[in-house]
Amino acid sequence: MGILTIASFKGGPGKTTLCQIIAAQCASEGLSVAVIDADPTKAMSDWHRDTYEGVPFSCVAETSERVIADLALGLDEKSDLVLIDTAGFGNLAGAVAMTVADQILVPLTAGAADLNQAEETIKQAKGLASAARRKIEVRAIMNRLSKTNLTKHAERELREAGIPTLNATISHRTAFGEISYTGAVPSKGPAATEVIALIEELKGIGWIPNSDPRRSAMEV
Ligand SMILES: Nc1ncnc2c1ncn2[C@@H]1O[C@H](COP(=O)(O)OP(=O)(O)OP(=O)(O)O)[C@@H](O)[C@H]1O
Ligand SMILES: [Mg+2]
């Protein structure tokens, strides 16, 4: 189906949190999900090994720029969805993870610095796509939203900057902050509603398959 890389030039806008949300929710819906943790801090793969308690998905730590592309392409052959979590600074492994991607998701929080990093990340993605002579779709997603003027301002600036942005947003919520130590992605309440809306939108734009295509093929 495809390789979805989560990237940002700046540290901390929520790459790993989004990777956890998307991987866990898609696994719970019956998709086979493979995650590559390309961040040397290994936050995603450590969480997967030590803390995650939901429906299983695979996760491997791989930070070598020489290995990531072939690893991702191999996993893409046998998975419904490959997710790559990258480091919060521009390194070669991150660039390779963006170049091999079919889609790149760029989280950002409200604030001028984050808007700037999103623009820089998107420019980088476009440059890499040109270099590779392939099409790579890119979308930003607003994370840690709170209903403040700053958020409204950021939404307006995103539109004005022409940054393609998902309609789905992820609010600043304890339920999301807790994922890293509870091992559970929200399954009820307003946080779960946001997760489901995000997955539905990603399915709608073809970034995530609707159901397991191999299972559907077997059922025919
Ligand atoms: N929507 C949210 N609500 C509350 N807390 C959040 C939310 N999103 C992320 N956080 C918290 O913000 C911190 C940074 O998030 P996260 O680790 O996902 O960012 P990152 O982009 O992966 O960072 P890095 O660049 O260091 O890898 C974490 O403590 C996480 O729990
Ligand atoms: Mg991270």
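The lining of the largest cavity consists of 6 nonpolar, 7 polar and no charged residues. The structure is a predicted model, in which local features need pLDDT of at least 70 and side-chain atom pairs count only at pLDDT 80 or more, while totals for chains, interfaces and linings use all residues. Residues are numbered from 1 along each chain as its sequence is written, and side-chain values use heavy atoms, without hydrogens and water.

Helix H4 (92–99) and helix H5 (112–132) each supply at least two lining residues, with H4 giving the largest share, 3 residues.

Attention now turns to the ligand. Around ligand 1 there are 17 residues, of which Lys15, Thr16, Thr17, Arg144 and Ser171 come nearest; a residue belongs here if one of its heavy atoms lies within 4 Å. This shell divides into 3 nonpolar, 10 polar and 4 charged residues, and H1 gives the most to it, with 3 residues.

Polar contacts are pairs of N or O atoms within 3.5 Å. An oxygen atom of ligand 1 is 2.6 Å from a side-chain N or O atom of Thr17, and a nitrogen atom of ligand 1 is 2.9 Å from a polar side-chain atom of Asn143.

Notes: Chains lettered and ligands numbered in written order. Polar contact = N/O pair within 3.5 Å; in protein donor to acceptor, adjacent residues only side chain to side chain. Helix = DSSP H or I, 4+ residues; strand = E, 2+ residues; numbered from the N terminus. Nonpolar A, V, L, I, M, F, W, Y, C, P; charged D, E, K, R; others polar.
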